[in-house]
Amino acid sequence: MMAEVPDYRPETLAVRAGQQRSQFGEHSEALYLTSSFVFPSAAAAAKRFSGEEEGNVYARFTNPTVTMFEERLAALEGAEDCVATASGMAAIMAAVLAHLKQGDHIVASNSLFGATVQLFNNILSRTGITTTFVSHTDPAAWAAAIRPETKLFFLETPSNPLTEIADIRQLADIAHAKGILVAVDNCFCTPILQRPLDMGADLVIHSATKFLDGQGRVLGGAVCGPKKLTEEVFKYLRTAGPTLSAFNAWVLLKGLETLKLRVEAQSANAAQLATWLEAHPKVARVFYPGLPSHPQHELAKTQQKSGGAIVAFEVKGAREQAWQVVDNCRLLSITANLGDTKTTITHPASTTHGRISPEARAAAGISEGLLRIAVGLEAVEDLKADLERGLSLI
Ligand SMILES: *Cc1c(COP(=O)(O)O)cnc(C)c1O
């Protein structure tokens, strides 16, 4: 229904898009906890099963609460369609297996979310789908990695934790010249700050677990794009099974309603914190796309509305000094999760990137002094005071 009025602004779409009211006229979106649906007659059942008649059959296929979440997220991403999944990883798996087969090849960024790298290297490789990892800031490397069997470019921007920017438009041009699909994991920016489909991407992937929920409650994921591509993802999901639960969809619908307010406020907090850290005598370097010192600040400005809520910085020192900052936090949560209203801090070299060899870590720029903060909604002065306690000891 919202598709007929596509000029609503994001604030409006976030609270209104996709809502379907039942016969009871409820104002808030209903939670339909039902695994299957009944049909008025044998003939109607046959028509639903054959697809001749639209409607719900079984919750592994569709559920009205999940559909409402899908339509709302699609509206925010400017996508024709969206298919929700049980988690972000399920979304990546579904997007790849829906469009690739044995013998196909992926070119991917070498600074993807850790589990995505494992999925490509250890699980998809077993199906005969191979991946070449290249620097996501070097479009020439992507072009050079293309083979006749390359079917997909897969990237995240900004990257985790160093916030390096991939040029979505340029990579899409390189891919499309060879008939290759481009999938962008838009978890860090969300559609509020960046809409990859507008810049030429074919598919947008989400871990809804992060900013879309935003309050650390549920797992979820989604694949957005044109119907001709999402239809294949839907066919995979209804058969393979990693669909989003109705309860999680209902939580995520409510998360989307405040997405813009949260992401903008968290990003504004992050910008202030990054500026403060950059001027701090105990900080060697700050990585934040919103800072003019970021090597790709100009590119970031062309594809993101602001710098986002993730800030990384190197303390003057190594692991001991970085851990000192972490261990002196009383407010910041020591956890690798991100996108939450509560600010989190993590030491990538010993956690998210701990299983990579020290050499590979160094090559990727993940130093022992590096810390990553996913900024939440607390007062920025309180966040500064919490970090200052540990920084002052260095
Ligand atoms: C967390 C995350 C994922 C995986 O999402 P889950 O919901 O945990 O499965 C994928 N990509 C990025 C960038 C993430 O941060």
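1. Strands (E, at least two residues) and helices (H or I, at least four) are DSSP runs, numbered from the N terminus.

2. The model is a predicted one, in which local features need pLDDT of at least 70 and side-chain atom pairs count only at pLDDT 80 or more, while totals for chains, interfaces and linings use all residues. Residues are numbered from 1 along each chain as its sequence is written, and side-chain values use heavy atoms, with hydrogens and water left out.

3. An open sheet of 7 strands, with mixed pairing, runs in the order β1-β7-β6-β5-β4-β2-β3. Its edge strands, each pairing on one side only, are β1 (81–85) and β3 (130–134).

4. Helix α3 (residues 64–77) packs on this sheet and touches β1, β6 (203–207) and β7, contact being heavy atoms within 4.5 Å. The direction of α3 makes about 130° with that of β1; axes are lines fitted to C-alpha atoms, for helices over the stretch in contact, and angles run from 0 to 180 degrees between N-to-C directions.

5. Helix α13 (residues 319–327) has Ala322, Val325 and Val326 as its buried residues. They lie on the same side of α13 because they cover an arc of only 100° around the axis, taken from the directions from the helix axis to the C-beta atoms. Glu320 and Asp327, on the other side of α13, are exposed. Buried means under 20% relative accessible area, exposed over 50%, and partly exposed in between (1.4 Å probe, protein chains only).

6. The cover over the buried residues of α13 includes β9 (310–315), β12 (370–374) and α15 (380–391).

Methods
Pairing = 2+ DSSP bridges.
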